[in-house]
Amino acid sequence: MHQKPSREEYFNNPARFETQLGLWIFKSGIHPFFTEKVGPRSVEFYSIHFVASGKVRFGWDGSSTTLSEGDLFCLFPGSVYTYVKDGDQPSTTITWTAFMGEQVPSILQHVDLCPELPYRQHAFGEDTLAVIKDIQRLLRQPQLDSSLQLMSLGFQLIHSIDPNRDQHLSAVSSASDWLESVLAYMKLHCTENLSVEELASWAGVHRSHFTRAFTRRYGISPSRYMQQLIMEKATRLLSTEGTSITQAALSLGYSDLFTFSRAFTRYFGMTPSAFVTANRSSSMVSE
């Protein structure tokens with residue numbers, strides 16, 4: 001009589017420095033199953049399940065969907081899940097890798113996985129399965145110190161998930177989320193003379209839609225907000241002892257001192273030199 005393949009699971013024995021990172025591999029495994037149902041269950045880790053063959057009916061918090069080869073789903077702490085083979089094929093094979101760490105939710109959000117919609121369709125291929133095999137190969141050899149390799153493979157596995165959003169409209173691709181992303185991008189690159197057109201292109205939306213949505217959300221236009229960021233940074237630079245006005249101007253992306261001085265005076269109603277005199281003198285007095 002032919003013996004059915006059994007479920008395999010391999011646990012990581014992490015080094016201390018691994019657990020102090022924001023993401024580390026907790027375990028990995030493979031599950032060829034036929035008729036049995038998994039769950040209802042909840043977990044205390046983050047487990048990405050990859051449908052390697054067949055079909056599975058995946059349920060979470062009262063919702064459900066059918067997933068096929070190339071699709072994946074993720075178990076998040078705090079939710080209740082079930083999954084079972086779906087369809088007429090003899091079996092369904094799922095392989096998974098579970099993670100722990102405080103940065104895991106935000107990293108998973110980067111590939112469009114969140115508790116509200118914890119699955120992706122057409123999200124991986126053979127390269128992903130090859131990474132999982134490498135992870136499981138290392139976990140089967142606990143006598144070896146594979147910490148650095150496992151760390152690398154963990155990030156490589158998540159990176160291999162197709163980040164395209166064409167077939168997956170999730171909660172993290174809502175207007176509020178892309179606006180928050182572009183806001184963070186503006187804060188990081190405010191001194192690089194980015195135009196509204198460039199910002200809209202980075203966000204993946206039309207310029208007019210970008211401007212309307214941004215202004216409606218934050219009560220200020222994108223160009224005005226960029227100017228605000230630059231001027232706030234200017235005041236910090238000019239309040240620092242040893243920083244000249246010319247150095248501040250060049251650090252903020254201005255081509256010359258005159259252009260910076262004119263913009264600063266127009267925004268604050270006082271020249272950079274007057275600001276330096278007032279603020280550096282007051283800081284000396286307060287000291």
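The charged end of Arg-140 sits over the ring of Tyr-10, at 5.4 Å from the ring centre. To count as "over" a ring, NZ of Lys or CZ of Arg must be within 6 Å of the ring centre and within 35 degrees of the ring normal.

Before going on, a word on the model: it is predicted, so local features need pLDDT of at least 70 and side-chain atom pairs count only at pLDDT 80 or more, while totals for chains, interfaces and linings use all residues. Residues are numbered from 1 along each chain as its sequence is written, and side-chain values use heavy atoms, with hydrogens and water left out.

Now for the rings. The structure holds 21 aromatic pairs, where rings of Phe, Tyr and Trp (its six-membered ring) pair if their centres lie within 6.5 Å; planes under 30 degrees apart are stacked, over 60 edge-to-face, and the rest tilted. One of these is the stacked pair of Phe-58 and Trp-60, with 5.4 Å between centres and 15 degrees between planes. Both belong to an aromatic cluster that also includes Phe-73, Tyr-81, Tyr-83 and Tyr-119.

How exposed or buried are some of these residues? Buried means under 20% relative accessible area, exposed over 50%, and partly exposed in between (1.4 Å probe, protein chains only).

| Residue | Relative accessibility | Class |
|---|---|---|
| Phe-58 | 0% | buried |
| Trp-60 | 7% | buried |
| Thr-93 | 14% | buried |

Thr-93 lies in strand β9 (residues 92-100). Helices (H or I, at least four residues) and strands (E, at least two) are DSSP runs, numbered from the N terminus. Leaving aside residues up to four places away in sequence, Thr-93 touches Ile-30, His-31, Pro-32, Phe-50, Val-51, Ala-52 and Ser-53; contact means heavy atoms within 4.5 Å.

Strand β9 is part of an open, antiparallel sheet of six strands, ordered β1-β2-β9-β4-β7-β10. Strands β1 (8-11) and β10 (119-120) are at the edges with a single partner strand each, so one side of each has no neighbour in the sheet. Two strands pair if DSSP finds at least two bridges between them, and seven join β4 (residues 46-53) to β9. Tyr-46, for instance, has Phe-99 as its bridge partner in β9. Helix α3 (residues 126-139) packs on the sheet, touching β1, β2 (24-33), β4 and β9, and its direction makes about 110 degrees with that of β2. Axes are lines fitted to C-alpha atoms, for helices over the stretch in contact, and angles run from 0 to 180 degrees between N-to-C directions.
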